[in-house]
Amino acid sequence: MSKRSFFSCFCAGALLLAASTLSAGDLPAAVQAKFVKILCAAAGSPGKVACKDSEVLAELEKIGVAHDASAKVAWGKGGEVKALKAAGKFVICAKLDDLPAGGAIAIVEEGGKPQIYLHMGNIAASGVTLADSVLKIGKRL
């Protein structure tokens, strides 16, 4: 086996192993950041988001999205989702479980692909008007 084919097999195996370690619903921070950037723009907050998650924030900053605590759009997870909703934020999260707690949109892995879920009640409560394109591609709850 040549070095090149060994390296190709090794890389493919490493990618499969990395993908298999993600639990259902988890997407890498870099993928989450790309979707957050698009959703911020679609929600009228291009280039800025309230985010306390250091891993996601680092990825957001790499693609030109800055942390702004006063932004209308926020990235949150777990216990912070409820507080962000109470602050009137449009909350993007990574778990379907966070939607009932106040998440407006969840970006999850489903069948090996990113999927967007919309909580229409929380979207309305945030006061944010989403672009029609997002409403068409997301699954409504």
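The protein chain has six helices and seven strands, where helices (H or I, at least four residues) and strands (E, at least two) are DSSP runs numbered from the N terminus. This is a predicted model, in which local features need pLDDT of at least 70 and side-chain atom pairs count only at pLDDT 80 or more, while totals for chains, interfaces and linings use all residues. Residues are numbered from 1 along each chain as its sequence is written, and side-chain values use heavy atoms, with hydrogens and water left out.

Walk along the sequence and the elements come in the order α-α-β-α-β-β-α-β-β-β-α-α-β. Of the 141 residues in the protein chain, 38% are buried; buried means under 20% relative accessible area, exposed over 50%, and partly exposed in between (1.4 Å probe, protein chains only). Now take the contacts, meaning heavy atoms within 4.5 Å. Among those with a separation of 6 or more, 37% link residues 24 or more positions apart. As for the surface, the protein chain exposes about 7800 Å², with carbon and sulfur atoms supplying 62% of it. Those areas come from the Shrake-Rupley method with a 1.4 Å probe, and for residues only the protein chains shown count as cover.

The buried residues in α2 are A29, Q32, A33, V36, L39, C40 and A42. An α-helix has 3.6 residues a turn, so residues three or four places apart point the same way. What do the buried residues of α2 pack against? Their partners are β1, α3 (54-62), β3 (73-75), β4 (90-93), β5 (105-110) and α6 (132-137).

Just after α2, G44 takes a positive phi of about 85°. S45 counts as buried because its relative accessible area is 2%. Leaving aside residues up to four places away in sequence, S45 touches C40, A71 and V73.

K89 has 12% relative accessibility, so it counts as buried. Its contacts, again not counting residues up to four places away in sequence, are A50, A69, S70, A71, K72, A74, L84 and S126. K89 and S70 are 19 residues apart along the chain, and their C-alpha atoms are separated by 9.1 Å.

On to the largest pocket, which holds about 210 Å³ of space. On a 1 Å grid over the protein atoms alone, a pocket is an open set of points where a 1.4 Å probe fits, with protein on both sides within 12 Å along at least five of seven lines; lining residues have an atom within 4 Å of a point. The lining consists of D26, L27, P28, A29, Q32, D53, E55, V56, W75, K77, A94 and K95. The elements that give two or more residues to this lining are α2 and α3. By class, the lining has six nonpolar, one polar and five charged residues. Ala, Val, Leu, Ile, Met, Phe, Trp, Tyr, Cys and Pro count as nonpolar, Asp, Glu, Lys and Arg as charged, and the others, Gly among them, as polar.

S54 is in helix α3 and counts as exposed because its relative accessibility is 59%. Its C-alpha atom is separated by 9.8 Å from that of A29, 25 residues apart along the chain. E109, in strand β5, counts as partly exposed, since its relative accessibility is 24%. E109 and K95 are 14 residues apart in sequence and 9.4 Å apart in space, C-alpha to C-alpha.

Key:
Grid points are joined across faces, edges and corners, and a volume is the space filled by probe spheres set on the points.
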